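I opened this entry to record what I looked up in the model.

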Amino acid sequence: MRTFEYLRAEDAATAVVEAAKPETRFLAGGTTLLDLMKLNVERPARVVDITRLSGLDTIEVSADVIRIGALAKMSKVADHADIKEAAPALSESLWRAASAQLRNMASVGGNLMQRTRCTYFRDPGAYSNCNKRNPGSGCAALDGVNRNHAVLGTSGVCIAIYPGDFAVSLVAFDATVIVRGASERKIPVDEFFLLPGDTPHLEHQLSAGEMIVGIEIPRSAALERSHYLKVCDRESYEFAAASAAVGIELEADGKTIRDVRIAVGGLATKPWRLRVVENLLKGKTLDEATLRTAAAATVDGAKSSGHNAFKIELAPKSWHAP
Ligand SMILES: Cc1cc2nc3c(=O)[nH]c(=O)nc-3n(C[C@H](O)[C@H](O)[C@H](O)COP(=O)(O)OP(=O)(O)OC[C@H]3O[C@@H](n4cnc5c(N)ncnc54)[C@H](O)[C@@H]3O)c2cc1C
Ligand code: SF4
């Protein structure tokens with residue numbers, strides 16, 4: 001591990017000024033950052049500890065909107081009574097992530113910012129060719145073992161999956177990330193994450209020094225009737241092979257779909273909203289035939305790299321049981 005300077009920020013203004021300096025990273029729960037530093041994947045010269053900043057761990061559920069501070073612990077959000085009632089998919093996506101110890105330590109801001117679990121990315125000692133870690137060096141996964149790699153949103157230079165669960169539920173329900181740098185701005189979470197294209201080392205919209213301070217999720221009937229389903233190689237303590245956040249609102253007749261939101265995880269290079277599938281379902285009768293037709297469109301444009309072909313079959317089943 002490279003020697004680094006440690007700074008504990010006492011206020012948000014100082015944190016963003018310090019973090020704008022070269023080779024600096026924020027430290028929240030540390031459950032991703034320290035792992036990657038020990039692996040020599042992240043080699044910051046400076047780390048700005050933001051865990052003592054006040055007012056960034058609040059959870060508010062009002063009539064129209066849910067506001068979650070970036071430093072709120074995953075476990076606190078998952079177990080919050082009002083979140084469970086107003087937004088079951090948000091709570092479930094956090095409960096299905098990592099382990100109890102990790103959820104008690106990790107923040108939701110850090111959770112959004114976690115990096116891919118691509119084994120080649122995480123092993124610089126054995127693999128020098130990773131375009132995400134070392135731009136222009138090639139991609140070991142393309143001709144390697146790629147069972148846990150993406151089938152949606154890939155490019156010819158990177159097929160790494162975005163591994164988080166919470167962001168999948170956020171993207172399904174039109175959440176916004178609130179960011180503080182020199183000023184404050186709001187970024188729709190769907191735009192926050194970038195496709196790899198030719199620049200897989202650029203993963204999100206944050207500029208140097210910008211800090212996530214919170215997340216806003218508009219309340220809706222679909223969110224109140226939502227669920228997060230996660231399919232894994234083993235039942236717990238595992239990243240998704242495929243997952244889905246789904247919310248649905250029916251008309252008064254109890255069978256016509258008024259509103260539906262679907263996003264999938266474990267399949268794509270970023271949390272993947274299925275707007276085409278949603279549009280196929282809106283206004284239709286909720287029955288087996290409608291669901292089967294729409295489910296088939298889940299994997300429109302999907303591309304297998306070999307070992308991950310099973311995901312193309314699994315993806316529709318993550319939100320629609322056969
Ligand atoms: C064994 C294991 C299993 C896991 N399983 C899952 C799983 O199944 N599903 C899942 O979703 N996750 C899983 N995770 C990931 C885990 O949820 C993340 O490590 C955690 O949420 C990161 O939060 P943190 O506060 O510890 O972030 P940190 O490690 O402190 O930071 C992570 C990154 O985010 C940056 N950062 C942190 N806070 C901010 C902020 N406010 N603004 C801007 N940048 C910031 C840091 O600089 C760093 O780059 C797993 C992790 C481990 C170790
Ligand atoms: S898939 Fe992306 S992260 Fe993995 S080795 Fe290839 S370039 Fe690196």
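For the core I took a set of buried Ala, Val, Leu, Ile, Met, Phe, Trp, Tyr and Cys residues joined through C-beta atoms within 7 Å. The model is predicted.

Core. I found 93 residues in the largest nonpolar core, and A263 and V264 have the most contacts inside it. Helix α8 (residues 166-172) gives the most to this core, with six residues.

V264. I listed its contacts, leaving out residues up to four places away in sequence: V168, A242, S243, A244, W272, L274, T298, A315, S318 and W319. One of these, A244, stands opposite V264 in β11.

Sheet. I traced an open sheet of four strands in the order β9-β10-β11-β12, with antiparallel pairing. β9 (226-231) and β12 (272-273) are the edge strands, each pairing on one side only. Eight bridges join β10 (residues 242-250) to β11 (residues 257-265) in the antiparallel sense. Helix α13 (residues 310-319) packs on this sheet and touches β9, β10 and β11, its direction making about 35° with that of β10. Helix α5 (residues 88-95) lies across β9 and β10 and runs at about 25° to β9.

Ligand 2. I counted 14 residues around ligand 2, the closest being C118, Y120, C130, C139 and C158. The shell divides into eleven nonpolar residues, two polar and one charged.

N146. Is N146 buried or exposed? N146 counts as buried because it has 23 C-beta neighbours inside 10 Å, and the cut-off for buried is 20 or more. N146 lies in the loop between α7 (108-112) and α8. Between N146 and Y120 I noted 26 residues in sequence and 9.9 Å in space, C-alpha to C-alpha.

Terms used. Residues are numbered from 1 along each chain as its sequence is written. Chains are lettered from A and ligands numbered from 1 in the order in which they are written. This is a predicted model: local features need pLDDT of at least 70, side-chain atom pairs count only at pLDDT 80 or more; totals for chains, interfaces and linings use all residues. A residue is buried if 20 or more other C-beta atoms lie within 10 Å of its own, exposed if 12 or fewer, and partly exposed in between; C-beta atoms are placed from the backbone. Helices (H or I, at least four residues) and strands (E, at least two) are DSSP runs, numbered from the N terminus. Two residues are in contact if their C-beta atoms, placed from the backbone, lie within 7 Å. A residue is near a molecule or strand if its C-beta atom, placed from the backbone, lies within 6 Å of it. Ala, Val, Leu, Ile, Met, Phe, Trp, Tyr, Cys and Pro count as nonpolar, Asp, Glu, Lys and Arg as charged, and the others, Gly among them, as polar. Two strands pair if DSSP finds at least two bridges between them. Axes are lines fitted to C-alpha atoms, for helices over the stretch in contact, and angles run from 0 to 180 degrees between N-to-C directions.
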